[in-house]
Every structure is written in structure tokens, then in C-alpha cells.
Amino acid sequence: MAAINPHINFNGNAEEAFHFYKSVFGGEFASVVRFKDLAIPGFSEGEDAEKIMRITLPIGENMLIANDVPNAMGQVSEEENRSKISVTSTSREEADRIFTGLSKNGAVEMPMSDSPWETYFGMFRDKYGIEWTVEFEAKS
């Protein structure tokens, strides 16, 4: 069965926020990836290099996920929805089925593919304007 995990966009303070969340929920970060860790021109150097590309904090059986929005993409309006619903699937096939179904008549931002953080990942906005990510991580 798929799991749903919240994914929050921040304006450069994801790491600060996640240290706060960690102080409340406990645990350790499962991953911290900065833009400088990836070879993405325009994002892996300069003012965005130290920003968080992806940070995850396990909370019980779920995962709290976030990133900083790079300056090149503009700031997140805190007056609007700045989060995504993140679905973690149990197989690549389930991920494809969920992605295809939910993204129908929507806008695909990132098709399902192998991600730099070693998962199978895709991102889209559904026909109602809700932002989603779908992900599958093979267990070693």
C-alpha cells in the first residue's frame, strides 16, 4: 500500500525549519542533499549552492520532506499553497500507475525517472492545481 508524506517548499530556511521539527519529533535526518551536491548548471554554484535540494526526516512510519526553492525559480508565496503531497509507492509499477492516474489532464513538472538521490521519482500538478510527487525507493 502506498504511503502519503508531506513535502514543503521553503524560501531558503528549510534546514532551519527541519532542525526545529527534529527538536520536536526527535530522530535523525534520513537525507540532506544540497544543490552544490548535484551537477545542475545554475543551481549547483552561486547563491543557491548551499540551499537544500532535499531533506527528509522520518516521523514514525512516515517521512517529512522539504526543499528550498532556488532563487532562479522565484520565491514561494507564503500566501499560497507551498507544499506538495508526496506518495511513496511499494514498487515502480505502482509508482507509474499512481503517477499516470493522478497526472491525467494535469501538468507534469518532472516525469517519472531515476532521481539523483537514488529513487524513482516524478512530480506534477493535478487537474485541480494540487502539487504531487510520486516516489519509489528500492530497499537494498
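Residues are numbered from 1 along each chain as its sequence is written, and side-chain values use heavy atoms, with hydrogens and water left out. Because the model is predicted, local features need pLDDT of at least 70 and side-chain atom pairs count only at pLDDT 80 or more, while totals for chains, interfaces and linings use all residues.

Side chains of opposite charge can pair when their charged atoms come close. A salt bridge is defined as a side-chain nitrogen of Lys or Arg within 4 Å of a carboxyl oxygen of Asp or Glu. The whole structure holds ten salt bridges. One of the ten joins glutamate 15 to arginine 34, with 2.8 Å between the closest N and O atoms. This pair links distant parts of the chain, as glutamate 15 lies in helix α1 and arginine 34 in strand β2, 19 residues apart; helices (H or I, at least four residues) and strands (E, at least two) are DSSP runs, numbered from the N terminus. Arginine 34 counts as buried because its relative accessibility is 16%, whereas glutamate 15 is partly exposed at 30%. Here buried means under 20% relative accessible area, exposed over 50%, and partly exposed in between (1.4 Å probe, protein chains only).

A further salt bridge, at 2.9 Å from N to O, connects glutamate 50 and lysine 36. Both residues of this pair are in the loop between β2 and β3, 14 residues apart. Glutamate 50 is partly exposed at 46%, and lysine 36 is partly exposed at 42%. Through salt bridges that share partners, Glu15, Arg34, Lys36 and Glu50 form one network.

Helix α1 (residues 14–25) also contains phenylalanine 20, which counts as exposed because its relative accessibility is 51%.

A pocket is an open set of points on a 1 Å grid with protein on both sides within 12 Å along at least five of seven lines, and lining residues have an atom within 4 Å of a point. Of its 22 lining residues, Met63, Thr88, Glu135, Glu137 and Lys139 are the closest to the centre.

Note on methods: 1 Å grid on protein atoms, 1.4 Å probe; cavity = no way out; pocket = protein on both sides within 12 Å on 5 of 7 lines; lining within 4 Å.
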